[in-house]
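Student: Could we go through this model together? I would like to start with the helices.

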Amino acid sequence: MSSRPAEDPDLVAVDEALLRLRRFFRTPAAIEHDNRSVDLSTLLVVTAIAAEPAGEASVGQIATALEVAPSTASRLVGRAETCGVVVRLAGRVDARQSLVRLTPDGVALHERARTFRHARLRAATAGFTTEEKHQFARLLTRFAAGAGS
């Protein structure tokens, strides 16, 4: 008979907390924006572009940010174009490489989504002190970096 190693109670607590968070992260297949349905992959494209300091990104940069193949990123950018939230522009150095920029509607969608997410986080951390929020942000960011590698 094999004996299991003793479980780390802190890891058990983190595991249980992550399982309880599944409802927090559950999202609909699409959201409504300006009386039309926008799928979440389009929102991810918008978020990836908004994270770029120049306010624009190549399809390759979007693929890297979303951790998908460039061909998949190109299809997702096409959907976002159809929704009117991004526009493709010729690259400044190489006209064959397009850059993708948010339209004013894309900027509005990004702001609306970020406001929604921040409101949910604000409500979930309402009982935290400022120092606890700081520690939580620091540790969760470190955890996410470790989990992503």
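Tutor: D8 caps the N-terminal end of α1, with a side-chain oxygen 2.8 Å from the backbone nitrogen of D10. This is a predicted model, in which local features need pLDDT of at least 70 and side-chain atom pairs count only at pLDDT 80 or more, while totals for chains, interfaces and linings use all residues. Residues are numbered from 1 along each chain as its sequence is written, and side-chain values use heavy atoms, with hydrogens and water left out.

Student: What span does α1 reach from its first C-alpha to its last?

Tutor: Helix α1, residues 9-20, reaches 17 Å, close to the 16 Å expected at 1.5 Å a residue. The expected span is 1.5 Å times one less than the number of residues.

Student: Moving on, which residues of α6 are buried?

Tutor: They are D105, G106, L109, H110 and A113, where buried means under 20% relative accessible area, exposed over 50%, and partly exposed in between (1.4 Å probe, protein chains only). Seen down the axis of α6, these buried residues fall within an arc of 140°, so they line one face of the helix. The arc is that of the directions from the helix axis to the C-beta atoms.

Student: Which residues are exposed on the other side of α6?

Tutor: P104, T115, R122 and A123 are exposed there.

Student: Where is D34 found?

Tutor: D34 is in the loop between β1 (30-33) and β2 (36-39). The C-alpha atoms of D34 and D105 are separated by 8.9 Å, although the two are 71 residues apart along the chain.

How values were computed:
Helix = DSSP H or I, 4+ residues; strand = E, 2+ residues; numbered from the N terminus. Polar contact = N/O pair within 3.5 Å; in protein donor to acceptor, adjacent residues only side chain to side chain.
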